[in-house]
Amino acid sequence: MNKEAYLIEDLSKAEKAPTRDGYGKGLVDLGEKNDRVVVLCADLAESTRSHWFKEKFPNRYIELGVAEQNMATIAAGLANYGKIPFISSYAVFSPGRNNEQIRTTISLNNLPVKIAGAHAGISVGPDGATHQALEDIALMRVQPNMMVIVPCDAIETQKATIAAVNCCSGPVYIRFGRESMLLYNALLAAEELSKEGIEATVINSHTVKPLDITTILNSVKETKAVVTVEEHQTSGGLGSAVSEALSQHFPAPQEFIGVHDRFGESGEPEELIEAFGMGIKDIKNAVKRAIKRKV
Amino acid sequence: MSEYIHDEKVKELEELANKVRQSLIEELVEAKSGHTAGPLGMADIFTALYFHVLNHDPKNPDWPERDRLILSNGHICPIRYAAMAHAGYFPLEELKTLRKFGTRLQGHPERERLPGVETTSGPLGSGLGQAAGIAYGARMDSKKFRVYCAMSDAEHQAGNLWESAMFAGNNKLSNLTGIVDRNNIQINGMTENVMPLEPLKAKYEAFNWHVLEVDGHNIEEFVDAVEEAKAIYEKPTVIIAHTIAGKGIPEIEFDYNWHGKPPKPEEGDKFLKELRTLGGKIKSEHE
């Protein structure tokens, strides 16, 4: 597949494709090339798009029912034997509900289980707080051996799914929202800021662990200030990871866009993003605050 | 009389089990922490597994065709370590490193540290799922090896275990055999007082398992059950092994207070003496 970034000149013409489609496509790509790949699903085949793999490779698709803890342990066993299992569910359930099973049977064993957490973030929308995973990056990022990828859109989700097998021999967490909007919001904010005379670099920090510290440092050394933007609690996610890196290597003022220590609620994705302070205006204001704090 | 094992072999295994118990006591005294009752209760079964049941090669622990023995209740690992050392996986001397800094014999077993351990375990209820995952993968590839999963009785209070039991029953994983150490004790007391498990047999049957019950200290019965499980093609089998926690040392038998503590050195000496002279059944080789 084309490794080049799919960028368009006119941001207003960007199309929104469900990120989960990228996961489904990535699984099928992998299935064709690697017969060790098996896909497990806990009663959310269509919703996670793992049913695309099921249609093509029914013998390598394993249904678990509503049992995420078991899904993690079965996957650990399959990987222990020699398979490369993907476990598919909503992020609140996996890695939420089955966190300890992931820790003991997957991460501690350093087994190549790939965890796909769909419907992450607040933009799940009408389902409300129970289904809006806002702490999953924090849960996964503190586990040794675990890689954490947060792709920004459908194409990157497809790439991340393939990379989870081809670029990593251990466990990987791939987190994707139902509609990924924040990178797009950041790009639009940067465009508007540019018109006001403020030039901002937008970094798509798709891999939270290991964090691309070099790229971030090179940029912050130039701008001397940083804003992190994520659909996650501001503690424990990308913002924290960036802050940890900067405080050690190049302390700089940082503003955190994200959810500030509260649960989500029902609503349409766009209105929730606004209501929780992650809109374009919020990002612009955060940039201005960060600039003001520059020494 | 068993069709599957000679009386002489049974006697040989019983004597070996006694030696494994002695190593266990030495191991625990040296470690100064760890579990005593559960490991003693499973000494006969682990000896039977490592010296008769399992198709394995201690010198080649990663042999792909080996039978897999998954230990779900990781806290009884000292008995697995003792049996493995006697089987030749590592020197007996290494048992003295149990629970010490830098050891391969972690307080709860870790796959990445000790070849032959198969899985990392300790947190209860998760072994059966891993065993079922291995069994499922092996069947996908038409592998002939068998998967055994040793579990405690009390871990059947954990929901994850029943999710796995449902999965194995639904998928007819006949290459999987569960072994339940039914010793009736757990940290807070007797299982039937803490959170009752009975009727355990009926529960497994309802999850589409073949269920056998044996005296966990009767090696012949246990071996017969293992062989019967191999002949069941439509279901996984679970062997509910009725055991006595602390078996072999009268002071420890049936006493749940011995669940999570090791013998003190003077107790250890006394227990070793008892094991070496067990009712005159076995002649002492050491004194």
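Predicted model: local features only at pLDDT ≥ 70, side-chain atom pairs only at ≥ 80, totals over all residues.
1. Domains of chain A. Two domains are assigned in chain A, domain 1 covering 17–177 and domain 2 covering 182–292. Their centres, taken over C-alpha atoms, are separated by 26 Å. Domain 1 of chain A puts 23 residues into the contact between the two, and domain 2 of chain A puts in 25 residues. On the domain 1 side, the elements that give two or more residues are helix H7 (136–141), strand S5 (147–149) and helix H8 (154–166) of chain A. By class, that side of domain 1 has 14 nonpolar, six polar and three charged residues.

2. The sheet of chain A. Seven strands of chain A form an open sheet with mixed pairing, in the order S2-S1-S3-S4-S6-S5-S7. Strand S2 (61–63) and strand S7 (207–209) of chain A are at the edges; each has a single partner strand, so one side of each is left without a neighbour in the sheet. From one strand to the next, the twist averages 20 degrees.

3. Strand S4 (residues 114–120) of chain A pairs with strand S6 (residues 172–177) of chain A in the parallel sense, over five bridges. In this pairing A:Lys114 stands opposite A:Val172 of S6(A). H8(A) lies across strand S1 (37–41), strand S3 (84–90), S4, S5 and S6 of chain A. The helix runs at about 170 degrees to S6(A).

4. A:His260. Is A:His260 buried or exposed? With 11 other C-beta atoms within 10 Å, A:His260 is exposed. The residue lies in the loop between strand S9 (254–259) and helix H12 (269–275) of chain A. A:His260 and A:Asp21 are 239 residues apart in sequence, and their C-alpha atoms are 29 Å apart in space.

5. Contact between the chains. Chain A gives 22 residues to the contact and chain B gives 21 residues. Helix H4 (68–81) and helix H6 (99–107) of chain A each supply at least two residues of the chain A side. H4(A) gives the most to that side, with ten residues. By class, the side of chain A that touches chain B has nine nonpolar, eleven polar and two charged residues.

6. An unreviewed UniProt entry lists residues 15–267 of chain B as "domain: Transketolase N-terminal". Over this stretch chain B is 38% helix and 13% strand. The C-alpha atoms at the ends of the stretch are 22 Å apart.

7. The sheet of chain B. An open sheet of five strands in chain B has the order S1-S2-S3-S7-S6, and the pairing is parallel. S1 and strand S6 (210–215) of chain B are the edge strands, each pairing on one side only. Neighbouring strands are turned against each other by 20 degrees on average, direction ignored. Helix H9 (residues 219–230) of chain B lies across S3, S6 and S7 of chain B and runs at about 170 degrees to S6(B).

8. Strand S1 (residues 68–71) of chain B is joined by four bridges to strand S2 (residues 147–152) of chain B, and the two run parallel. The bridge partner of B:Arg68 in S2(B) is B:Val147. B:Arg68 and B:Ile70 point one way from S1(B), while B:Leu69 and B:Leu71 point the other way. All four of these residues are buried, B:Arg68 included.

9. B:Asp181. This residue is in strand S3 (residues 176–182) of chain B. S3(B) is joined by six bridges to strand S7 (residues 237–242) of chain B, and the two run parallel. Across this pairing, B:Asp181 has B:Ala241 as its bridge partner. B:Asp181 counts as buried because 25 other C-beta atoms lie within 10 Å. Leaving out residues up to four places away in sequence, its contacts include B:Gly38, B:Gly41, B:Met42, B:Ser152, B:Asp153, B:Gly216 and B:Thr243. B:Ala241, the bridge partner, is also one of the contacts. B:Asp255 is 74 residues from B:Asp181 in sequence and 15 Å from it in space, C-alpha to C-alpha.

Methods: Residues numbered from 1 in each chain as written. Chains lettered and ligands numbered in written order. Buried ≥ 20, exposed ≤ 12 C-beta atoms within 10 Å, placed from the backbone. Contact = placed C-beta atoms within 7 Å. UniProt positions renumbered as here; feature names shortened; annotations may be inferred. Domains from an automatic or database assignment. Nonpolar A, V, L, I, M, F, W, Y, C, P; charged D, E, K, R; others polar. Pairing = 2+ DSSP bridges. Axes fitted to C-alpha atoms, helices over the stretch in contact; angles between N-to-C directions.
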